[in-house]
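User: I've got a structure with a ligand here and a few questions about its surroundings. Can we go through them one by one?

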Amino acid sequence: MNEKTKILDDAAISRAIKRISHEILEKNKGTEDLLLVGIKTRGTPLANRIQQQIKEIEGVDVETGELDISLYRDDLSNKDTQDEATVNQTNITSTVQGKKVVLLDDVLYTGRTVRAAMDAIIDLGRPKTIQLGVLVDRGHRELPIRADYVGKNIPTATNEVIKVKLSEVDEQDEVSIYE
Ligand SMILES: O=P(O)(O)OC[C@H]1O[C@H](OP(=O)(O)OP(=O)(O)O)[C@H](O)[C@@H]1O
Ligand SMILES: O=c1cc[nH]c(=O)[nH]1
């Protein structure tokens, strides 16, 4: 698989995260009852960076949590492959009851990971709302799911793959498209 185009560099990723942080505050009219939940792997640093931004803007430490969801997809280019997402681990120490939960992930594609994440949250209690923020929306949804906050919409072909790198996990911040 070869890198075709670099879509976002570290400055662009940083700007997108700052914008999303402001949008979360605007939509929710502040920080009250917010709970940021990162979907592993790279949704976790995304949630932490947004938490840091919100702290800088509002001076408030918003609660965070983490979900580990595996997607069993053997071949991204094979449309007939049966994908299923299962929750491996839930690391959410605060209650979700009455919270405004913001799920955060690096890439939104079929929507199956987010569907599993919503099921996991609802198993824990009744949040007031569940919202979704992603760094990249690459299209090709298989479920009626959309993101409330999007870093960048990147129309893709099904044989392409979006790779997000974040320095907490990878050596650098970068979003590229591979073919
Ligand atoms: O909308 P979907 O079709 O569910 O795809 C999106 C998911 O796929 C990727 O996760 P991946 O399973 O590659 O795990 P990783 O984040 O740990 O690399 C990505 O990080 C999203 O969580
Ligand atoms: O292209 C894709 C599809 C799902 N998940 C990714 O990280 N990239």
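User: How many residues surround ligand 1?
Analyst: Keep in mind that this is a predicted model. A residue makes the list if one of its heavy atoms lies within 4 Å of the ligand. T41, D105, D106, T110 and T113 are the closest.

User: Which element gives the most to the shell?
Analyst: Two elements, β5 (100-108) and α3 (112-124), each supply at least two residues of the shell. With 3 residues, the one that gives the most is β5.

User: What share of ligand 1 does the protein bury?
Analyst: Let's start with the polar contacts. An oxygen atom of ligand 1 is 2.5 Å from a side-chain N or O atom of D106, and for T110 the side-chain distance to a ligand oxygen is also 2.5 Å. Y109 comes in through a polar backbone atom, 2.9 Å from an oxygen of the ligand. Alone, ligand 1 exposes 490 Å², and the share of that buried by the protein is 76%.

User: Now the rings: which residue has its charged end over the ring of Y178?
Analyst: For this to count, the charge has to be within 6 Å of the ring centre and within 35 degrees of the ring normal. Here the distance to the centre is 5.4 Å, and the residue is K163.

User: How many aromatic pairs are there in the whole structure?
Analyst: To pair, ring centres must lie within 6.5 Å. Searching the whole structure for aromatic pairs gives 0.

Terms used: Residues numbered from 1 in each chain as written. Chains lettered and ligands numbered in written order. Predicted model: local features only at pLDDT ≥ 70, side-chain atom pairs only at ≥ 80, totals over all residues. Heavy atoms only, no water. Phe/Tyr/Trp six-rings, centres within 6.5 Å; stacked < 30°, edge-to-face > 60°. Polar contact = N/O pair within 3.5 Å; in protein donor to acceptor, adjacent residues only side chain to side chain. Areas by Shrake-Rupley, 256 points an atom, 1.4 Å probe, with all protein chains shown as cover. Helix = DSSP H or I, 4+ residues; strand = E, 2+ residues; numbered from the N terminus.
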